[in-house]
Amino acid sequence: MTDLLTYLAYRAGAGLFGALPEPIIRRLGRWAGRLYWLWDRERRAMAIRHMGRVLGRSDTRTVERAAREVFSAYGRYWAETLWFRPRRAKAVRSRVTLVGLEHVRAAQESGRPIVVALPHMGNWELAGTLAEDAGVRITAVAEALANRRLARWFVDLRARLGIRVVLAEGLSTMRALRSDMMEGRIIALVADRNIGSRGVEVEFFGERTTLPAGPAALAIRNDAVLLPVVSYFKRGAGHRVVVLPPIEDPGPEDRDRMGSITQHLAHRYEDMIREAPTQWHLVQPNWPSDGDFLERHRGDA
């Protein structure tokens, strides 16, 4: 019953936001994010902790102000995503700026498969509406939610954005991605948070953690070009998508080839996030020490 209610709540939200003009839904989304900031103590604590790392500052007022803005950006992300309809794709594309397309073109000309790796920044899903104009087809990997109704709805939602979704469900996922790569589709992985038990150890914002192995593994196994990509909100309407130069593969002579690639990617993520830190809406534990921090936080409640 809880799964059904959650699913119906998302569908109702999509219906509400879809009926409103875009400027209004952006404002509503930001206000919803601020309300969420007040309601969810644990995610608020995580946002503050992460902003402290990113900003390299300890003064509470500055860090908390940035963390509050993270929730506003997160609210905008959901509002825009729920508002989108295929009939609005042209208007959305007209307000997206794409920087670094030459890196995609060079990868295409090489004849090699392409993998893009992104952080949880801005609204990369709406930026997916650029795919047709850029002459690419995108396959993304999404977490396989326990709520199957909701998972199927999210798959359909992204399909309306022109993004084919493969759910992360073990070996079948890798087979599906390999098949799509062979068809010339770009594989897009949001890979700045490791949600599984396996990952690649890196230093990320000055602290050791693990990031998903997917980008490096796909690049190595398929001789693919690995492109870091980030999407930023513009002030007001629109988005700016930036494609960075490819991550260099050190080759099989590097005994920790996967680790080297993933560490390089982590440094690119750091640069991306520092450019617009409050647009990094990752508010879950992301470092091993975050778990201990949350336990102490709950004990102090």
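R221 lies in helix α11 (residues 214–222), helices being DSSP runs of H or I with at least four residues, numbered from the N terminus. The model is a predicted one, in which local features need pLDDT of at least 70 and side-chain atom pairs count only at pLDDT 80 or more, while totals for chains, interfaces and linings use all residues. Residues are numbered from 1 along each chain as its sequence is written, and side-chain values use heavy atoms, with hydrogens and water left out.

R221 counts as exposed because its relative accessibility is 57%, the cut-off for exposed being over 50% and that for buried under 20%, with partly exposed in between (1.4 Å probe, protein chains only). Apart from its neighbours within four places in sequence, R221 is in contact with M174 and R178, contact meaning heavy atoms within 4.5 Å. Between R221 and A14 there are 207 residues in sequence and 39 Å in space, C-alpha to C-alpha.

The largest nonpolar core holds 44 residues, and M51, V115, F204, Y269, I273 and W280 have the most contacts inside it. Such a core is a set of buried Ala, Val, Leu, Ile, Met, Phe, Trp, Tyr and Cys residues joined through side-chain atoms within 4.5 Å. Helix α12 (residues 257–275) gives the most to this core, with six residues. A second, separate core has 40 residues, including Y7, V96, L150 and L161.

Methods
Helix = DSSP H or I, 4+ residues; strand = E, 2+ residues; numbered from the N terminus.
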